Amino acid sequence: MSKPTVGIFGLTGCAGDQLVILNCEDRLLELASLIDVRDFLMATSANDTGCPLDIALVEGAVLSNRDAEWLQKIRQRARILVALGTCAVWGGVAAMDSGADRSQLLREIYGEIGLGYDSIAAQALDQSVKVDLKITGCPIEEKHFLAAIANLLNGDPPVYPAYPVCTECRMAENNCLLIERGEICCGPITAAGCNARCPEWGVPCVGCRGPASDANPSSFLAAFEERGIAREAVAGRLKTFAPRGVQS
Amino acid sequence: MKAIVIEPLARVEGHGGITVELEGDSIAAVRFDVFEGARLLESLVRGKRYDEVAPVLSRICSICSAAHCLTSLKATEKAFEVTVSPQTERLRDLLFLGENIESHALHLFLLALPDYLNAPSAIALAADRPELVQLGLRLKRLGNLIQETIGGRAIHPVNAVPGGFGKAPSTEQLTGLRTALLEGAKGSSAVVDIMASLPETDFCRANTVYAALNSPNQDSYYAGDKVVVFADGERTAVPAADYRTLTNEEPAPHSHAKHSSFRGKPFMVGSLARLTVNMRWLTAKLAIAAERLRLHLPSDSPMDNNKAQALELIGDLERALAVVEQLLDDGIEDERPVPVQPRAGTGTAITEAPRGLLIHSYTYDAEGTLVSADVITPTALNAASMETHFRRLVEQCPERTDGVLAQRLEMLARAYDPCISCSVHLMRKR
């Protein structure tokens, strides 16, 4: 069987998910022997920017018309399009302005010249194209990326946990930061898969993986209100990484 | 008129390009173009509570995420007049060293070296020179191991918080790190051997102004509150609070890149600037390595930034080992972050990210809510210097065929190790 052709792309973001791929130091050369990477601007200057792709891995959010056009081209080339990371899956930190006047924000930071920039409100990939697989995380977990590639090579869709970070945290028998310290921890509502990394270090979850599909935000907010923590303060945190996943 | 357009620029972080317009023998225009979308994070983060700021602003850039996170914390703590423990200072130093090791190994071996050896990528290079690529990946792993052990994650550290760390690493973790660093240091001489074997890239000579953080009592990427500008052998100190004197120009339409200057002259930041400003960082071992690499400071070749990164890479492995040994000798305390009491005020922090000077300046209200944030990144500071050096390169290129010019321009751009996600955060209204 010929090796699947792969493209790795970064729309607007921090390049953290592409860096996770390059951070697979011990596996990188082995990985490169299993797939045929045709287009990976961050790592190579010999790119085929038009060939069909079996797998397109796309990180970042759509934040310019240039991004939007590029994403359409990638979609047309790709059999399977994978959204890599919270920005691609949810819009990420740049999407937290949902509703703000973009011209005003551009003017504040860049002055009048900013109004001429190619800049649109942040969008997740699935707001404009079909996404076949979503790997969330800010950044994604290396193990999820490697598992996804292994699964795609074998033709099985990978499965990620639907339960929240809180479940992982309880299984690790950590002290609860919410109950014991009264800290605003987003673990009860955030998608698991990080092994409750932040609470493991004694730091409240910031919700960087976006919402868990089987979490219950309203009971979570009620639990905070019982402890005298304002609903707005909690909602503000939940909206930082994945505003689209949070109901008001 | 003839234009040489390199777009997109490959093997760099983010989306940028180079445009050179020639009219006969004269150079009509030289531009470093930035196509990265604007995320407006400095505006979006306003109104957040002080403990939410670093996790958002570290997302400006993954490769420099530890530097952004720690510079953010330093600015917040300065605004609140919080003093962290000596152990926290050391751990932060170590986290910076880990990031610098990772970033330099990535840049030198995976992004820059393929040019010197006529390969399109490190993966292609691995077919002929597997030992070289594997060495780079091994050193990169070591940098990430430090970041994981101290920061809790290789990208966007989770463990660094206002006042200190969520949890200090254990003695066992530090002992493991010491073993790995001792093993990794064996790769140092190979780094120098490889760099010394590369063809000389003597195609841009320029009298360059350099700027770097000056740490008064120690060699640190983290500690210190003033920038030293080195121009024509003269040193001028600029306190952190006066950082705007270095960043006082207007945004440019083509690049989202405000052009920074010192007394009207563009300046360069990064490894070469650090070694030039802080020559005492050159230990005897590094001085010998510098000699082998034909690196003479102050340098008039910006391509030497690659050599300077190699020196820092091997120097930082030793510095990291020294910090770990000191932490082990003193005994690591299982301490909690020092309490942070918000107050109204402004804090400006200057540090050295892998690519050079990084500035975060914040104003908070009395409740600890962020009122305004200003972030100046190394690639932003370098933009004007890059364009000046591109121009020198074209002027000095005897054979102006597209292929030769384009290759040299790309190599020079990569020598700056630009981080274009970061660079978008450079323009500011005046």
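Colleague: What makes β7(B) and β8(B) a pair?

Modeller: Two strands pair if DSSP finds at least two bridges between them. β7 (residues 226-231) and β8 (residues 234-239) of chain B have six, in the antiparallel sense, so they qualify under that rule. One bridge joins Lys226(B) to Pro239(B). The strands form a hairpin with two residues between them, and Asp232(B) in the turn has a positive phi of about 50°. Strands here are DSSP E runs of at least two residues, helices H or I runs of at least four, numbered from the N terminus. Mind that this is a predicted model: local features need pLDDT of at least 70 and side-chain atom pairs 80 or more, while totals for chains, interfaces and linings use all residues. Residues count from 1 along each chain as written, with chains lettered from A and ligands numbered from 1 in written order.

Colleague: Why is β8(B) called hardly covered?

Modeller: Buried means 20 or more other C-beta atoms within 10 Å of the residue's own (exposed: 12 or fewer; partly exposed: in between; C-beta atoms placed from the backbone). Among the six residues of β8(B), the count of buried ones is zero.

Colleague: And what makes helix α2 of chain B largely enclosed?

Modeller: Seven of the eight residues in α2(B) (residues 50-57) are buried, so the rest of the structure largely encloses it. Among them are Tyr50(B), Asp51(B) and Leu57(B). The cover includes α11 (231-241) of chain A, along with α3 (65-79) and β11 (356-364) of chain B.

Key: Contact = placed C-beta atoms within 7 Å.
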